[in-house]
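Please look through the structure below before reading on. The paragraphs that follow lead from the overall chain to one of its sheets and then to a single strand within that sheet.

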Amino acid sequence: MAQESQLVETLAVIGVGLIGGSLAGALKECGGVGCVVGCGRNIDNLEMALQHGLIDRYTRDPLEAVSEADLVLLATPVNALIQSLPALAKHARPNAVITDAGSVKSEVIHAARSALGETFGRFVPGHPIAGREKSGADAAVTDLFRDRWVVLTPLAETDPTAIELVKQMWEQVGARIRLMDPESHDEILGMTSHLPHAVAYALVAQLADQSRNEEYASMTAGGFLDITRVASSDPAMWRDIFLHNAKPTANLIRKHRKVLERLEGLIREGDAQGLQEWFESAKALRSSLEDTRNHQRSKVR
(Lines give C-alpha, C1' and ligand atoms only; values in the text may rest on other atoms or scores of the structure.)
Protein backbone atom coordinates (compact mmCIF):
# COMPACT_ATOMS: atom_id res chain seq x y z
CA MET A 1 0.00 0.00 0.00
CA ALA A 2 1.42 3.39 -0.99
CA GLN A 3 2.52 5.77 1.74
CA GLU A 4 -0.01 8.55 2.38
CA SER A 5 0.14 11.69 4.47
CA GLN A 6 -0.50 11.29 8.18
CA LEU A 7 -4.07 12.13 9.07
CA VAL A 8 -4.08 11.30 12.77
CA GLU A 9 -1.40 11.56 15.43
CA THR A 10 -2.98 9.13 17.91
CA LEU A 11 -5.74 6.64 17.12
CA ALA A 12 -7.43 4.64 19.87
CA VAL A 13 -9.01 1.40 18.71
CA ILE A 14 -11.52 -0.03 21.18
CA GLY A 15 -11.89 -3.64 20.10
CA VAL A 16 -8.82 -4.87 18.20
CA GLY A 17 -10.54 -7.63 16.28
CA LEU A 18 -11.01 -8.24 12.58
CA ILE A 19 -12.34 -4.75 11.79
CA GLY A 20 -10.42 -2.68 14.33
CA GLY A 21 -7.19 -4.60 13.81
CA SER A 22 -7.42 -4.49 10.01
CA LEU A 23 -8.04 -0.75 9.97
CA ALA A 24 -5.24 -0.05 12.47
CA GLY A 25 -2.77 -2.17 10.51
CA ALA A 26 -3.76 -0.63 7.18
CA LEU A 27 -3.38 2.91 8.52
CA LYS A 28 0.03 2.11 9.98
CA GLU A 29 1.06 0.50 6.71
CA CYS A 30 0.15 3.55 4.63
CA GLY A 31 1.47 6.10 7.11
CA GLY A 32 -1.94 7.52 7.90
CA VAL A 33 -1.49 7.41 11.67
CA GLY A 34 1.32 8.20 14.07
CA CYS A 35 0.47 5.95 17.01
CA VAL A 36 -2.24 3.32 17.49
CA VAL A 37 -3.37 2.48 21.01
CA GLY A 38 -5.30 -0.77 21.14
CA CYS A 39 -7.79 -1.58 23.85
CA GLY A 40 -9.67 -4.75 24.69
CA ARG A 41 -10.39 -7.29 27.41
CA ASN A 42 -8.39 -10.21 26.03
CA ILE A 43 -4.70 -9.77 26.83
CA ASP A 44 -3.65 -12.58 24.47
CA ASN A 45 -5.48 -10.91 21.59
CA LEU A 46 -3.82 -7.56 22.37
CA GLU A 47 -0.41 -9.20 22.52
CA MET A 48 -1.07 -10.78 19.15
CA ALA A 49 -2.09 -7.42 17.68
CA LEU A 50 1.13 -5.91 19.00
CA GLN A 51 3.26 -8.75 17.62
CA HIS A 52 1.59 -8.42 14.21
CA GLY A 53 2.34 -4.70 14.12
CA LEU A 54 -1.31 -3.68 14.09
CA ILE A 55 -0.92 -1.43 17.15
CA ASP A 56 1.95 0.38 18.87
CA ARG A 57 0.86 -0.22 22.44
CA TYR A 58 -2.18 -1.42 24.32
CA THR A 59 -4.18 -1.06 27.48
CA ARG A 60 -7.15 -2.90 28.93
CA ASP A 61 -8.54 0.40 30.25
CA PRO A 62 -10.66 2.16 27.60
CA LEU A 63 -10.53 5.42 29.56
CA GLU A 64 -6.76 5.41 29.37
CA ALA A 65 -6.90 4.51 25.68
CA VAL A 66 -9.02 7.51 24.70
CA SER A 67 -7.44 10.10 27.00
CA GLU A 68 -4.79 11.17 24.47
CA ALA A 69 -6.46 10.11 21.23
CA ASP A 70 -7.28 12.48 18.40
CA LEU A 71 -9.53 9.85 16.84
CA VAL A 72 -11.36 7.00 18.56
CA LEU A 73 -12.69 3.97 16.69
CA LEU A 74 -15.29 1.87 18.50
CA ALA A 75 -15.08 -1.60 16.96
CA THR A 76 -16.63 -3.81 19.62
CA PRO A 77 -19.94 -5.70 19.35
CA VAL A 78 -22.85 -3.26 19.34
CA ASN A 79 -24.01 -3.82 22.91
CA ALA A 80 -20.53 -3.27 24.34
CA LEU A 81 -20.15 -0.23 22.11
CA ILE A 82 -23.34 1.34 23.44
CA GLN A 83 -22.44 0.57 27.05
CA SER A 84 -18.99 2.14 26.67
CA LEU A 85 -20.21 5.52 25.42
CA PRO A 86 -21.05 7.27 28.74
CA ALA A 87 -17.61 6.60 30.25
CA LEU A 88 -15.75 7.41 27.05
CA ALA A 89 -17.61 10.71 26.79
CA LYS A 90 -16.15 11.80 30.11
CA HIS A 91 -12.55 10.92 29.31
CA ALA A 92 -12.13 11.60 25.59
CA ARG A 93 -10.46 14.85 24.60
CA PRO A 94 -13.04 17.60 23.89
CA ASN A 95 -11.87 17.96 20.29
CA ALA A 96 -11.46 14.25 19.62
CA VAL A 97 -13.46 12.66 16.83
CA ILE A 98 -15.27 9.44 17.73
CA THR A 99 -16.50 7.01 15.09
CA ASP A 100 -17.77 3.46 15.16
CA ALA A 101 -17.87 0.38 12.97
CA GLY A 102 -21.16 -1.03 14.22
CA SER A 103 -23.50 -2.91 11.89
CA VAL A 104 -26.51 -1.10 13.38
CA LYS A 105 -26.81 2.66 13.21
CA SER A 106 -30.12 3.99 14.57
CA GLU A 107 -29.75 2.65 18.13
CA VAL A 108 -26.03 3.47 18.25
CA ILE A 109 -26.78 7.05 17.24
CA HIS A 110 -29.53 7.33 19.84
CA ALA A 111 -27.14 6.10 22.54
CA ALA A 112 -24.34 8.39 21.36
CA ARG A 113 -26.59 11.44 21.38
CA SER A 114 -27.60 10.71 24.96
CA ALA A 115 -24.08 9.90 26.18
CA LEU A 116 -21.99 12.50 24.37
CA GLY A 117 -24.19 15.54 24.93
CA GLU A 118 -22.48 18.70 23.66
CA THR A 119 -19.75 16.72 21.89
CA PHE A 120 -22.22 14.62 19.88
CA GLY A 121 -21.33 16.68 16.81
CA ARG A 122 -17.86 15.08 16.86
CA PHE A 123 -19.35 11.58 16.55
CA VAL A 124 -19.40 10.16 13.04
CA PRO A 125 -21.46 6.93 12.76
CA GLY A 126 -19.95 4.46 10.33
CA HIS A 127 -20.12 0.88 9.12
CA PRO A 128 -17.54 -0.82 6.88
CA ILE A 129 -19.27 -3.35 4.63
CA ALA A 130 -16.42 -5.81 4.86
CA GLY A 131 -15.71 -8.80 6.96
CA ARG A 132 -14.92 -12.46 7.21
CA GLU A 133 -16.34 -15.26 9.30
CA LYS A 134 -13.18 -15.25 11.43
CA SER A 135 -12.64 -12.87 14.33
CA GLY A 136 -9.85 -11.53 16.52
CA ALA A 137 -6.57 -9.78 15.76
CA ASP A 138 -5.19 -12.94 14.17
CA ALA A 139 -7.83 -12.62 11.42
CA ALA A 140 -6.91 -9.00 10.60
CA VAL A 141 -5.64 -8.21 7.10
CA THR A 142 -4.54 -4.80 5.87
CA ASP A 143 -6.36 -5.04 2.53
CA LEU A 144 -9.74 -5.93 4.07
CA PHE A 145 -11.38 -2.63 3.06
CA ARG A 146 -9.90 -2.19 -0.39
CA ASP A 147 -12.69 -1.52 -2.92
CA ARG A 148 -15.31 -2.09 -0.19
CA TRP A 149 -18.08 0.29 0.84
CA VAL A 150 -17.98 2.14 4.12
CA VAL A 151 -21.34 3.67 4.96
CA LEU A 152 -21.32 6.88 7.00
CA THR A 153 -24.60 8.06 8.51
CA PRO A 154 -23.90 11.56 9.86
CA LEU A 155 -26.66 13.75 11.23
CA ALA A 156 -27.45 17.37 10.49
CA GLU A 157 -25.49 18.43 13.56
CA THR A 158 -22.41 16.33 12.79
CA ASP A 159 -19.30 18.50 12.42
CA PRO A 160 -18.29 18.60 8.72
CA THR A 161 -14.59 18.53 9.64
CA ALA A 162 -15.18 15.35 11.67
CA ILE A 163 -16.99 13.75 8.72
CA GLU A 164 -14.13 14.69 6.41
CA LEU A 165 -11.51 13.22 8.74
CA VAL A 166 -13.33 9.89 9.01
CA LYS A 167 -14.00 9.87 5.28
CA GLN A 168 -10.32 10.42 4.47
CA MET A 169 -9.28 7.78 7.00
CA TRP A 170 -11.33 5.09 5.26
CA GLU A 171 -10.30 6.28 1.80
CA GLN A 172 -6.63 5.97 2.78
CA VAL A 173 -7.10 2.23 3.31
CA GLY A 174 -8.80 1.80 -0.06
CA ALA A 175 -12.47 1.99 0.89
CA ARG A 176 -15.26 3.76 -0.95
CA ILE A 177 -17.61 6.03 0.96
CA ARG A 178 -21.39 6.14 0.80
CA LEU A 179 -23.48 8.56 2.85
CA MET A 180 -26.86 7.29 3.99
CA ASP A 181 -29.49 8.07 6.59
CA PRO A 182 -29.46 5.69 9.59
CA GLU A 183 -32.92 4.22 8.99
CA SER A 184 -32.14 3.35 5.37
CA HIS A 185 -28.87 1.77 6.45
CA ASP A 186 -30.57 -0.47 9.00
CA GLU A 187 -33.27 -1.54 6.54
CA ILE A 188 -30.91 -2.21 3.62
CA LEU A 189 -28.26 -3.99 5.68
CA GLY A 190 -31.05 -5.93 7.36
CA MET A 191 -31.90 -7.37 3.93
CA THR A 192 -28.40 -7.77 2.47
CA SER A 193 -26.47 -8.84 5.60
CA HIS A 194 -28.56 -9.52 8.69
CA LEU A 195 -31.21 -11.72 7.04
CA PRO A 196 -28.61 -13.89 5.24
CA HIS A 197 -26.90 -14.51 8.57
CA ALA A 198 -30.25 -15.41 10.14
CA VAL A 199 -30.91 -17.88 7.32
CA ALA A 200 -27.44 -19.40 7.66
CA TYR A 201 -27.78 -19.87 11.41
CA ALA A 202 -31.28 -21.29 10.93
CA LEU A 203 -30.11 -23.84 8.35
CA VAL A 204 -27.39 -25.11 10.68
CA ALA A 205 -29.89 -25.23 13.55
CA GLN A 206 -32.28 -27.23 11.35
CA LEU A 207 -29.53 -29.72 10.54
CA ALA A 208 -28.77 -30.06 14.25
CA ASP A 209 -32.45 -30.88 14.88
CA GLN A 210 -32.42 -33.85 12.53
CA SER A 211 -32.65 -37.15 14.41
CA ARG A 212 -29.68 -38.49 12.43
CA ASN A 213 -27.75 -35.23 12.46
CA GLU A 214 -24.33 -36.94 12.50
CA GLU A 215 -25.16 -38.75 9.30
CA TYR A 216 -26.55 -35.56 7.77
CA ALA A 217 -23.40 -33.68 8.82
CA SER A 218 -21.12 -36.25 7.17
CA MET A 219 -22.99 -35.80 3.89
CA THR A 220 -23.12 -32.00 3.76
CA ALA A 221 -22.62 -30.88 0.17
CA GLY A 222 -20.65 -27.87 -0.97
CA GLY A 223 -23.79 -25.82 -1.40
CA PHE A 224 -24.77 -26.26 2.24
CA LEU A 225 -21.31 -25.27 3.42
CA ASP A 226 -21.21 -22.27 1.04
CA ILE A 227 -24.56 -20.87 2.10
CA THR A 228 -23.89 -21.42 5.81
CA ARG A 229 -20.30 -20.10 5.81
CA VAL A 230 -21.31 -16.93 7.66
CA ALA A 231 -22.73 -19.01 10.51
CA SER A 232 -19.08 -19.32 11.61
CA SER A 233 -19.13 -15.61 12.49
CA ASP A 234 -18.83 -14.27 16.04
CA PRO A 235 -22.05 -15.26 17.89
CA ALA A 236 -21.85 -12.33 20.34
CA MET A 237 -21.57 -9.85 17.50
CA TRP A 238 -24.60 -11.25 15.70
CA ARG A 239 -26.63 -11.55 18.89
CA ASP A 240 -26.16 -7.81 19.36
CA ILE A 241 -26.93 -6.98 15.74
CA PHE A 242 -30.24 -8.84 15.84
CA LEU A 243 -31.23 -7.34 19.20
CA HIS A 244 -30.34 -3.77 18.22
CA ASN A 245 -31.83 -3.98 14.74
CA ALA A 246 -34.75 -6.05 15.96
CA LYS A 247 -37.72 -4.56 14.13
CA PRO A 248 -36.25 -4.46 10.59
CA THR A 249 -34.70 -7.90 10.99
CA ALA A 250 -37.85 -9.49 12.43
CA ASN A 251 -39.95 -7.97 9.64
CA LEU A 252 -37.57 -9.32 7.02
CA ILE A 253 -37.65 -12.79 8.57
CA ARG A 254 -41.46 -12.70 8.42
CA LYS A 255 -41.33 -11.69 4.73
CA HIS A 256 -38.78 -14.43 4.04
CA ARG A 257 -41.12 -16.97 5.61
CA LYS A 258 -43.79 -15.92 3.10
CA VAL A 259 -41.31 -16.30 0.24
CA LEU A 260 -40.52 -19.84 1.41
CA GLU A 261 -44.24 -20.60 1.71
CA ARG A 262 -44.72 -19.51 -1.89
CA LEU A 263 -41.88 -21.78 -3.00
CA GLU A 264 -43.30 -24.63 -0.94
CA GLY A 265 -46.64 -24.14 -2.67
CA LEU A 266 -45.07 -24.41 -6.13
CA ILE A 267 -43.32 -27.62 -5.12
CA ARG A 268 -46.39 -29.23 -3.54
CA GLU A 269 -48.52 -28.30 -6.55
CA GLY A 270 -45.98 -29.80 -8.94
CA ASP A 271 -45.89 -26.51 -10.86
CA ALA A 272 -42.93 -27.15 -13.17
CA GLN A 273 -43.40 -23.93 -15.13
CA GLY A 274 -43.76 -21.87 -11.97
CA LEU A 275 -40.59 -23.36 -10.50
CA GLN A 276 -38.68 -22.81 -13.73
CA GLU A 277 -39.72 -19.16 -13.88
CA TRP A 278 -38.93 -18.74 -10.17
CA PHE A 279 -35.41 -20.12 -10.57
CA GLU A 280 -34.72 -18.25 -13.82
CA SER A 281 -35.76 -14.96 -12.24
CA ALA A 282 -33.58 -15.57 -9.20
CA LYS A 283 -30.63 -16.62 -11.35
CA ALA A 284 -30.90 -13.50 -13.52
CA LEU A 285 -31.02 -11.21 -10.49
CA ARG A 286 -28.11 -13.03 -8.84
CA SER A 287 -26.03 -12.60 -12.01
CA SER A 288 -26.87 -8.92 -12.22
CA LEU A 289 -25.78 -8.41 -8.62
CA GLU A 290 -22.42 -10.01 -9.39
CA ASP A 291 -22.05 -7.91 -12.55
CA THR A 292 -22.85 -4.72 -10.64
CA ARG A 293 -20.27 -5.47 -7.96
CA ASN A 294 -17.57 -6.30 -10.52
CA HIS A 295 -18.35 -3.12 -12.47
CA GLN A 296 -18.11 -0.98 -9.35
CA ARG A 297 -14.76 -2.50 -8.42
CA SER A 298 -13.35 -2.02 -11.93
CA LYS A 299 -14.30 1.69 -11.86
CA VAL A 300 -12.08 2.40 -8.87
CA ARG A 301 -8.98 0.58 -10.18
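Two strands are said to pair if DSSP finds at least two bridges between them. Helices (H or I, at least four residues) and strands (E, at least two) are DSSP runs, numbered from the N terminus. This is a predicted model, in which local features need pLDDT of at least 70 and side-chain atom pairs count only at pLDDT 80 or more, while totals for chains, interfaces and linings use all residues. Residues are numbered from 1 along each chain as its sequence is written, and side-chain values use heavy atoms, with hydrogens and water left out.

The protein chain contains 12 helices and nine strands. Its radius of gyration is 21 Å, close to the 19 Å that the globule rule gives for 301 residues, so the chain is as compact as a globular protein of that length. Here the radius is taken over C-alpha atoms, and the rule is 2.2 Å times the number of residues to the power 0.38. The C-alpha trace spans about 65 × 40 × 40 Å along its principal axes. Among contacts (heavy atoms within 4.5 Å) with a separation of 6 or more, 75% involve residues 24 or more positions apart. Of the 301 residues, 42% count as buried, a term that means under 20% relative accessible area, with exposed over 50% and partly exposed in between (1.4 Å probe, protein chains only).

Six of the strands form an open sheet with parallel pairing, in the order E3-E2-E1-E4-E5-E6. Its edge strands are E3 (57-59) and E6, each of which pairs on one side only.

Strand E5 (residues 97-100) has side chains pointing in two directions: Val97 and Thr99 point one way, Ile98 and Asp100 the other way, and all are buried. On one flank, E5 pairs with strand E4 (residues 71-74) in the parallel sense over four bridges. Within this pairing, Val72 stands opposite Ile98, and Leu74 has Asp100 as its bridge partner.

How does the chain cross from E4 to E5, and what is the handedness of this crossover? The chain passes through helix H4 (residues 78-91), and the β-α-β crossover is right-handed. That term applies if, with the strands pointing away from the viewer, the path from the first strand over the helix to the second runs clockwise.

Strand E5 is also joined by two bridges to strand E6 (residues 123-124), and these two strands run parallel. Here the bridge partner of Ile98 is Phe123. The chain crosses from E5 to E6 through helix H5 (residues 106-116), in a β-α-β crossover that is right-handed.
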